[in-house]
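Me: I would like a close look at one residue and then at the parts of the chain to which it leads. Please take it slowly, and give the cut-off for each term you use.

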Amino acid sequence: MRRSLVALVLVSASLAGACGVLPGGSGGRHTVTVWLMKDSASQDFLHRFTEDFERTHGDLRLDIRIQEWTGIGPKVQKALSAGSGECPDVIEVGNTQVAQYVEGGRLTNLTLESMRDWGMKDWLPGLAEPGLDNSAQYGIPWYAANRVVIYRKDLFDKAGIDSPPRTRAQWLADTEKLNSGGDQGIYLAGQDWYTLSGFIWDEGGDLAQQTDNIWKGTLDTPAALRGMDFYRRLQALGRGPAGADEEHPPQAGVFAAGKVAQIVAVPGLAQAIVQKNPALKGQLGFFPVPGRTAARSGAVFTGGSDLVVPRDTDDRDAAVAVVAALTGAKWDTELARTMNYVPNKTTLAAAVSGEEGVAAMAAGAAHGRATPSTPQWAAVEADNPIKQYMTKVLGGGDPATEARRASRRITQELSPNVG
């Protein structure tokens, strides 16, 4: 997943340092080595999980090793190439990273367990789909986080808006009301391509599509152009910079400074906003990104993590037992409550219904998506043509022309031998 999304979801306790070990029970049992990422779970959660797992699996001991996100890609690649007995048995990976690790047959196919035992039909699509390769399930959904709308309740009251909008048309109308008297109806940076992606998906479009094993950029389709048009209309109801993304400047600071009615962000950002401006305590609310109709909320980019089992694990059954426990209803909902995440299944959303921000996040995650599932997508993001396309359109450029140009660049990165 993109760590800019999850880094703002505040953790409840500090974890052990990079590559630190959370020891399990006594010796004399088979050890299962698990790599989990820093800030994905609290130390207390991991201790409770370890104690419960070892009690119910008397022949197994857990060796949980905490990893840093920085530099994790090459480290995982090296581990997957190390061979039997030298690689971990279970690894947490970002949901959009599964594609780069599955190449070369280095992960264990968990399709049977997913269908027979783990209820894969209820998994969040934004976690499940990136873990799928050629109809085989390699990445098992663990937790999710995604964007919602954070809004100022006092400014909504001032504008006479008594409930959050549920459709995109109403969202535009309400935002236009809010965009007056020196207040920005919404602060939406011009290059927030994650938010744009949701609008494109809502219209039935995509960033890129694969046909006959060839990936091509598809920003120039009618559906994708409709998504960009909605983004343009919404972004105009504030003073977000056309040539920058949501981190330049950080939108938490812009929102905290006042005069902004809404932003699109993960709920955890609200805590940073209140820290910067304590006067906003109790004034912030959350609602899912509205969809085209009131029947369902809008599509959103879903970040989060999957669990994978390396092909060269020396005990497949033990590794599968760990994955089953961590992603099962008991511990998955416990993690969601502890860390303010979205559980891995739509059927578990009620577990976080008591938290307004997380409940809004869960509603969006039910219709969440991820970036195209190809190892080459990282090359697209390295010099992101989607951002440049957005800036050109917001600056008055012809959408169709700019979309074709951006789509060609995406195709060149994903399928360099095409054309």
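Where is the place of Arg232?

Reply: Arg232 belongs to helix 10, which spans residues 222-235; helices (H or I, at least four residues) and strands (E, at least two) are DSSP runs, numbered from the N terminus. The model is a predicted one, in which local features need pLDDT of at least 70 and side-chain atom pairs count only at pLDDT 80 or more, whereas totals for chains, interfaces and linings use all residues. Residues are numbered from 1 along each chain as its sequence is written, and side-chain values use heavy atoms, with hydrogens and water left out.

With a relative accessibility of 36%, Arg232 counts as partly exposed, a class that lies between buried, under 20% relative accessible area, and exposed, over 50% (1.4 Å probe, protein chains only). Once its neighbours within four places in sequence are set aside, Arg232 is in contact with Val393 and Leu394, contact meaning heavy atoms within 4.5 Å.

The axes of helix 17 (residues 385-394) and helix 18 (residues 399-414) come within 9 Å and cross at roughly 170°, where axes are lines fitted to C-alpha atoms, for helices over the stretch in contact, and angles run from 0 to 180 degrees between N-to-C directions. Helix 17 is therefore roughly antiparallel to helix 18; angles over 145 degrees count as roughly antiparallel, those under 35 as roughly parallel, those from 65 to 115 as roughly perpendicular, and the rest as oblique. On the side of helix 17 the contact is made by Pro385, Ile386, Gln388, Tyr389, Lys392 and Val393, and on the side of helix 18 by Pro399, Glu402, Ala403, Ala406, Arg409 and Ile410. By class, this contact of helix 17 with helix 18 has eight nonpolar, one polar and three charged residues, where Ala, Val, Leu, Ile, Met, Phe, Trp, Tyr, Cys and Pro count as nonpolar, Asp, Glu, Lys and Arg as charged, and the others, Gly among them, as polar.

Gly364 is one of the buried residues of helix 15, the others being Gly357, Val358, Ala360, Met361, Ala362 and Ala365. Because seven of the ten residues of helix 15 (residues 356-365) are buried, the helix is largely enclosed by the rest of the structure. The elements covering these buried residues include helix 6 (125-128) and strand 7 (140-146), as well as strand 8 (148-152), strand 12 (284-287), strand 13 (302-308) and strand 14 (342-343).

Strand 8 and strand 11 pair over four bridges in the antiparallel sense, and Val148 has Ala265 of strand 11 as its bridge partner.

Four bridges join strand 13 to strand 4, and the two run antiparallel; Glu92 has Leu307 of strand 13 as its bridge partner. Strand 4 also pairs with strand 2 (residues 30-37), in the parallel sense and over two bridges, with Val34 and Val90 as bridge partners. Five of the five residues of strand 4 (residues 90-94) are buried, so this strand is largely enclosed by the rest of the structure. Both of its faces are covered, with Val90, Glu92 and Gly94 buried on one side and Ile91 and Val93 buried on the other.

Technical notes. Two strands pair if DSSP finds at least two bridges between them.
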